[in-house]
Amino acid sequence: MTQTPLPVRTRSKAMLLSCSDPATLSLKELRYWHDKGLKIWRKQVPDLAGFSEQSGFSWLDIKLELARRLLASCNFCVHNCRVNRLNGETGYCRLDAQPRISGSYLHWGEEAPLSPTWAVFFSGCTMHCLYCHNWRETFDLAAGAVLNPEDLANTLLKQKSRYRTISLIGGTPEPQLHAIFELALALDPSVTAPLVFNSNATLSAEGLDLMEGVADIYLPDFKHGNDSCAWKLTKISDYLNTFCNNLNAYVQQGAAVLVRHLVVPGHLECCTRPVLEMLAKDYPGVAVNIMHQYRPMYKAADRPGLDRVLDRDEREQVALWVKELKLRTVA
Ligand code: SF4
């Protein structure tokens, strides 16, 4: 009988390294041990049989300590603000070191293979979409609550028969790596539901390395097909490069990947078409969820062209492109 492989997150917790207590290590030493773990992981990620360093602290312990130290000069995402979040300083995401959530509950609205999920809605974001559908929860940080990862781990244990996956959503989860690792460490070993990193795909290079071995499934939003629209509508620069760097890393990590694309009215030729072409050409094995539920939320209601839902012609055009490009879709 073949055994179901453990989720990625569970295996990174089981991978022990012969280092001292991470709390006693310098930043340089933490990076050394994290890189050492990464090399071992990339060699033998499928199973830990024959793994020789079975004493000491886990690779996940090192990730947590390293993420906590990096908060003193935050580089979790591509904004690379280098602010000291431990001292209450804030960067683009406006978050200090305290992880904040707007809610955490059973959610049926994700793609069929992921639902039902236990969704953790993080406050704060690495983009500022003027059509944001969750803008109150995302940008009004005071309206959220401080997350206690241990309490959440207890809830996830009690509720484990009710959900198929655990989703880290927002906003976006990139600014919360320290909380995610604390949660992953606190989860009872019997909680083996895959961890879904549902994000803007804006992790920095170090953020990507840190998430490797923790996320079981990546679910990035591919928002725009060119840098100019991305800047005008979501206030991020160098968008395509950032998104593709993240997507390439997810694929290389060997994690499951599912891409989302929200069709924005009036942005079919400049954004939807190039997004679909890139996915078809460069990521043919990756499934995509084409979302037609755009609503003129947040600041979009006052923007001519963005102040409406998609019309029938636009929906039909996208369906024709999906067929022409032979994209694998999920809903
Ligand atoms: S998570 Fe990103 S946006 Fe937030 S402070 Fe760190 S580098 Fe800046």
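## A buried lysine

Lys223 lies in the loop that links β8 (217-220) to α8 (227-234); helices (H or I, at least four residues) and strands (E, at least two) are DSSP runs, numbered from the N terminus. This is a predicted model, in which local features need pLDDT of at least 70, side-chain atom pairs count only at pLDDT 80 or more, and totals for chains, interfaces and linings use all residues. Residues are numbered from 1 along each chain as its sequence is written, and side-chain values use heavy atoms, with hydrogens and water left out.

Lys223 is buried (under 20% relative accessible area, 1.4 Å probe, protein chains only). Lys223 has no salt bridge (a side-chain nitrogen of Lys or Arg within 4 Å of a carboxyl oxygen of Asp or Glu), and Asp221, the nearest side chain of opposite charge, is 4.0 Å away. Beyond neighbours within four places in sequence, the contacts of Lys223 (heavy atoms within 4.5 Å) include Met127, Tyr131, Asn200 and His261.

## Helix α10

Helix α10 (residues 268-282) has 15 residues and reaches 20 Å from its first C-alpha to its last. Its buried residues include Leu268, Arg273, Pro274 and Leu279. Among the elements that cover the buried residues of α10 are α8, α9 (239-253) and β9 (256-262).

## Nonpolar cores

The largest nonpolar core has 94 residues; such a core is a set of buried Ala, Val, Leu, Ile, Met, Phe, Trp, Tyr and Cys residues joined through side-chain atoms within 4.5 Å. Helix α3 (residues 59-70) gives the largest share of this core, seven residues. A second, separate core of six residues includes Leu114 and Ile217.

Note on methods. Buried < 20%, exposed > 50% of the residue type's maximum accessible area, 1.4 Å probe, protein only. Lys, Arg positive; Asp, Glu negative; His and termini not counted. Expected span 1.5 Å × (residues − 1).
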